[in-house]
Amino acid sequence: MTRVAAFTDTYHPTVNGVTYTIDAWCNHWNDHHGRMDVVYPGTDEYTPGAREHPVRSLPFPFYDGVRVGAPRVPKTVPRADVVHAHTAFGLGLAARRYARKHDLPLVASYHTPTAEYAEYISSYDSVLAGISTASETYEHWYYEHVDLVITPSEPTKRHLVDDLDVTTPVHVVSNGIDTERFQPAGAEADAFRDRFDLDGTLVGYTGRHGYEKRLEDVIGATDGMDDVTVVFGGDGPARDDLETRAQRADVDVRFLGFLDRDDMPAFYTALDAFAFPSPVETQGLVALEANACGTPVAGVDAGALADTIDHGETGYHYEPGDVDGFQTAIERTLDDHDRLAANCLDRRDTFSIEHAVTELRTHYDTIT
C-alpha cells in the first residue's frame, strides 16, 4: 500500500479542473492503490473529510475564489511514502519541507503556467513583464529541486523543458476524467434543453469565466450565425464584460451560471459543439468531458488544446486570435458533427481516471 501526501493551493470549494483532478485521483487511489491525503487551504465554506487536512488561509486578492494557504504541514498528516505537490507556491513549499524532513521523494504536478495570469495583478506592460519573469525564475528553481515532474500534456512538458529550462525528468500523465459520469445523457439532455428553454443549434462552453480564457471570442465567432444559441455555464470575473459584449452581438447568448456537477453530462450532450478559445490550458479537461459525452470541440490551436483536440477527428482547430477562423472551426464542427461524435466516443477509455492513475502509480514506483 503506497501512502501519498498531496499538497495543493487549489481545492474545494473552488470549482476548477485542478480541484476535480485532485479529488478524482484521491478517490481512485484510496479505493484501489493505498492511501492519499490532501493538505489544502481551509475555508469555512468546506468541511474536510477524513483524509483532508486544511491549513489557515486568506483570500488571494487578485483572483476571485482562490485562497493562499499557510506553508505548513498539519500534525494530522500521517507518514507518507511519496509527497506530491500540485503547486510550486504556498503549500508547495510545505510539501518540499515535509519531503526533505522525512527524506521522501517529491513529485510535482505542473497544472498552471503562472505567468499567464500576471494581468490579474497589473495591466502595465512593464509590470507584467517583471511579474512573468519573476514567476518563471521561481518555477524553474522549484521544479529543478524535485525528483519528478508530472504534466497533463506534451505542450505543457515542452514549456517546462524548453521555456523554463527544467532538467528534472518530466512525464506526461493525463489528468483523466470520470468516464462513468461523463457519457451521453440521452433523455436527460432533452430535459436540460427544456429546463433552460434552449432551442436550435447549441454552441457552448462551461468553466471559469476568466479573462485569460478569451471567452469573448466565442461571442465574436458566433455573431451573425443563423439558428445558433450560445450557452455559457460557470462564472468568474469576466462574466459582466461577457454579458455586455453579448448585448451587442447578433446571436442569442445565455448565461446559466454554475451548474451542478450532476448536470454536466446533460449539458455537454445537449450541445452540438463545444467552443474552447482558451490558449492557456495545460490540458483542458472540459474538452475531454465534452468528448466523453459525444460532443466535438472547436478550439484554439495553442497550449494543451493543440493536442487535446485531434484536428479533424474529435473537432477542429483555428489559429490564436483569428476570430473568423474560430467561426469556420465551429461551422466545420457542426457540419461534421456525427462523424466527430462517433470518434469521440470510440476514444473514451484513453482519457479515463483509471488510465491516468495507473500511469501515475507507475511513475511513483520508479522513485520509491
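This is a predicted model: local features need pLDDT of at least 70, side-chain atom pairs count only at pLDDT 80 or more; totals for chains, interfaces and linings use all residues.
Student: What is the order of the strands in the open sheet?

Tutor: Seven strands run in the order β3-β2-β1-β6-β7-β8-β9, with parallel pairing. Strands here are DSSP runs of E with at least two residues, helices are runs of H or I with at least four, and both are numbered from the N terminus. Two strands pair if DSSP finds at least two bridges between them.

Student: Why do β3 and β9 count as edges?

Tutor: β3 (52-55) and β9 (170-172) each have a single partner strand, so one side of each has no neighbour in the sheet. From one strand to the next, the twist averages 25°; angles run from 0 to 180 degrees between N-to-C directions, along axes fitted to C-alpha atoms (for helices, over the stretch in contact).

Student: How do you know that β2 and β3 pair?

Tutor: At least two bridges are needed, and β2 (residues 34-41) has four with β3, in the parallel sense. Within that pair, Val 39 stands opposite His 53.

Student: Which helix packs on the sheet and touches β1, β2, β6, β7, β8 and β9?

Tutor: That's α13 (residues 353-367), whose direction makes about 170° with that of β8. Helix α4 (residues 154-163) lies across β8 and β9, and runs at about 170° to β9. Touching, or contact, means heavy atoms within 4.5 Å.

Student: What makes β6 and β7 a pair, and what is the hand of their crossover?

Tutor: Three bridges join these parallel strands, which meets the requirement of at least two. Val 83 has Leu 106 as its bridge partner in β7. The chain goes from β6 through α2 (residues 91-101) to β7, and this β-α-β crossover is right-handed: with the strands pointing away from the viewer, the path from the first strand over the helix to the second runs clockwise. On to β8: β7 is joined to β8 by three bridges too, and Ser 109 has Ile 150 as its partner there.

Student: Which way do the side chains of β7 point?

Tutor: Leu 106 and Ala 108 point one way, Val 107 and Ser 109 the other, and all are buried. In a regular strand, side chains alternate between the two faces of the sheet.

Student: Why is Tyr 110 called buried?

Tutor: Buried means under 20% relative accessible area, exposed over 50%, and partly exposed in between (1.4 Å probe, protein chains only). Tyr 110 has 1%, so it counts as buried. Tyr 143 has 3%, so it is buried as well.

Student: What makes Tyr 110 and Tyr 143 an edge-to-face pair?

Tutor: Rings of Phe, Tyr and Trp (its six-membered ring) pair if their centres lie within 6.5 Å; planes under 30 degrees apart are stacked, over 60 edge-to-face and the rest tilted. These two rings are 5.3 Å apart centre to centre, with 85° between the planes, and the pair is edge-to-face. Tyr 110 lies in the loop between β7 and α3 (125-144) and Tyr 143 in α3, so the pair ties together parts 33 residues apart in sequence. Tyr 142 and Tyr 143 also form an edge-to-face pair, at 5.5 Å and 80°.

Student: How do you know that the buried residues of α5 line one face?

Tutor: The buried residues of α5 (residues 187-195) are Ala 189, Phe 192 and Arg 193. Seen down the axis, they fall within an arc of 100°, so they line one face; the arc is that of the directions from the helix axis to the C-beta atoms. The face turned away carries the exposed Ala 187, Glu 188, Asp 194 and Arg 195. Among the elements covering the buried residues are β10, β12 and α8.

Student: Why does His 33 count as buried?

Tutor: The cut-off is under 20%, and His 33 has 16%, so buried is the word. His 33 sits in the loop between α1 (17-32) and β2, and its contacts beyond four places in sequence include Met 1 and Arg 361.

Definitions and conventions
Residues are numbered from 1 along each chain as its sequence is written. Side-chain values use heavy atoms; hydrogens and water are left out.
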